[in-house]
Amino acid sequence: MFTLWFVTGSLPFFPIGHASRNFTVSSAVLVRSHVSYEVKDDVAVIRINNPDSKVNTLSIPMQREMAEVMNEVWANGAVKSVVLISSKPGCFIAGADINMIQACRSAEEVTALSQEGQKMFEKIEKSPIPIVAAINGSCLGGGLEFALACQYRVATKSRKTVLGTPEVMLGLLPGAGGTQRLPKMVGLPSAFDVMLTGRNIRADKAKKMGLVHQLVDPLGPGLKDSDVRTVEYLEEVAVGFAKGIVNKSIPLTKRKGIMQKLQDYAMGIPFVRQQIYKTVTKRVMNQTKGLYPAPLKIIECVKAGLEKGSEAGYLEESQNFGKLAMTPESKALVGLYQGQVACKKNRFGTPEREVKNLAILGAGLMGAGIAQVTVDKGVNVILKDTATEGLSRGQDQVYKGFNAKVKKKSITSFERDTTMSCLTGQLDYSGFERVDMVIEAVFEDLSIKHKVLKEVEAVSRTHVYDQSLPQIRPLKIPLPLPWPLA
Ligand SMILES: C/C=C/C(=O)SCCNC(=O)CCNC(=O)[C@H](O)C(C)(C)COP(=O)(O)OP(=O)(O)OC[C@H]1O[C@@H](n2cnc3c(N)ncnc32)[C@H](O)[C@@H]1OP(=O)(O)O
């Protein structure tokens, strides 16, 4: 959203070649750091990449550069369609820049930001050429509102791909057209569900709801890593869709099923809509005891748009967005979010040595549990036990853990199998000479611990971490090891 400088009137024409462009519409040469584009055949591929940040946000520089790039693209008669994609692994756009909203001193200032965002996305929605949003990773808040304004949406089935409007969790509302576009796109009940819960929606669910048009399978690692290959593939597929939309082999309108048609019919009846507003308001009041203003404002905005028309809806949205941003509830919730971000950081700083290969001694409940959370981070793990039975049980425990996630559809079976391929079960110490760390997770029996530590000493010269150290420290394991027992 927000502070955008769309150039109106005619623009100087810049012939667009086949390389990224770094020139603004003015004659001054400005290096763009957040948005770049390249023309592939007749498709402009616009890439977003906030420098020095793990995520893309709709920050002021990003918005300015996006506006410049869009104006250049629209002014170029050779460009027939656009693909909007992020170069950042795991993030499309994480929403409006929360710090930008926080820096505002009055409701009017925030309302003005919202109105700029609404205007920008209206231009995107009315684009003379189709724009395909190619989504991989988090597509949240203003990021989803941007994608919703595009004519077509393709998303990867990667587990990192989530769509949603989490503004309510910050005491805010989707203030860049979200309260107006979502109900039209997915129907009133689903739109309320998405906006009032702020929950993340995975790509396959988003497709079923009608939020995205097509899904793309993520790729595994090859010569490049999985994230890079997936984004390259997504771009290729999205370019194909963009061309297909132009040559009319891909329809922009989705065919509606019978349920969808019935729902649309019901939503056309004012009495039905009034009942939905009443039910949703009652539920919100029950759950929040009226202590959170944002959910009620969301309902007001949707109602204004559907009952009084778009203009009234957009005005209500921007004004309520401004008002909410100044409430103590929103400030407290933003503080909570920032606290959660701070908690994710490693307070010990970056590890001196990265652990890529780990060995775990003992495939019991604890050893297998450690193996599961470690392979999940992409670390290669040797799970060692002394008996085939115990080892199989441990491996089975790890598999069941991931398989439960497949059943819940939070990961794909491909992701389960890729992750499981990082786990090697064995009864001997082969490969221990190559590991970066050994974790001891054998029975709470001092003589067994002594024995395995001695055995490790003979084959590995790495750090050993004892998972039960707090409990066994009083027993004072003698440390004859020439390397550290952490
Ligand atoms: C009208 C529209 C309004 C809006 O759009 S309001 C914003 C709505 N969006 C959100 O609420 C999303 C907030 N962000 C997140 O939930 C998570 O982040 C992600 C899921 C996107 C990524 O999670 P993970 O990979 O664990 O990263 P991390 O540690 O949470 O964040 C990395 C850095 O990115 C910053 N960041 C993330 N989202 C935003 C944002 N929307 N505005 C400003 N900064 C953001 C964080 O603070 C942190 O920063 P540091 O590295 O300096 O600690």
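In which helix is Leu 262 found? Leu 262 is found in helix α9, and the views below include the surface patch to which Leu 262 contributes.

The model is predicted, and local features need pLDDT of at least 70, side-chain atom pairs count only at pLDDT 80 or more, and totals for chains, interfaces and linings use all residues. Residues are numbered from 1 along each chain as its sequence is written, and side-chain values use heavy atoms, with hydrogens and water left out.

**View 1. The protein chain has 18 helices and 15 strands.** Helices (H or I, at least four residues) and strands (E, at least two) are DSSP runs, numbered from the N terminus. Of the 486 residues, 49% are buried; buried means under 20% relative accessible area, exposed over 50%, and partly exposed in between (1.4 Å probe, protein chains only). The accessible surface comes to about 24,000 Å², and 58% of it belongs to carbon and sulfur atoms. Accessible areas come from the Shrake-Rupley method with a 1.4 Å probe; for residues, only the protein chains shown count as cover.

**View 2. Ile 258, Met 259 and Leu 262 make a nonpolar surface patch of about 370 Å².** Patches are made of residues with over 30% relative accessible area and no salt bridge, with like charges joined within 9 Å and nonpolar side chains (Val, Leu, Ile, Met, Phe, Trp, Tyr) within 5 Å.

**View 3. An open sheet of four strands has the order β4-β6-β8-β9 and mixed pairing.** β4 (91-93) and β9 (201-202) stand at the edges with a single partner strand each, so one side of each has no neighbour in the sheet. Two strands pair if DSSP finds at least two bridges between them. β8 (residues 162-164) and β9 pair in the antiparallel sense over two bridges, and Val 162 stands opposite Arg 202 in β9. Helix α4 (residues 142-149) lies across β4, β6 (138-140) and β8, and runs at about 85° to β6. Axes are lines fitted to C-alpha atoms, for helices over the stretch in contact (heavy atoms within 4.5 Å); angles run from 0 to 180 degrees between N-to-C directions.

**View 4. Helix α5 (residues 178-186) is largely enclosed by the rest of the structure, because seven of its nine residues are buried.** The buried residues of α5 include Gly 178, Arg 181 and Val 186. Just after α5, Gly 187 has a positive phi of about 90°.

**View 5. Arg 47 and Glu 235 meet through their side chains in a salt bridge (2.8 Å, N to O).** Arg 47 lies in strand β2 (residues 43-48) and Glu 235 in helix α8, so the pair ties together parts that are 188 residues apart in sequence. Arg 47 counts as buried at 16% relative accessibility, as does Glu 235 at 7%. A salt bridge is a side-chain nitrogen of Lys or Arg within 4 Å of a carboxyl oxygen of Asp or Glu; the structure holds 25 of them.

**View 6. Lys 248 lies in the loop between α8 (226-246) and α9 (258-267).** Phi of Lys 248 is near 65°, a positive value in a residue other than glycine. Lys 248 is exposed, with a relative accessible area of 72%.
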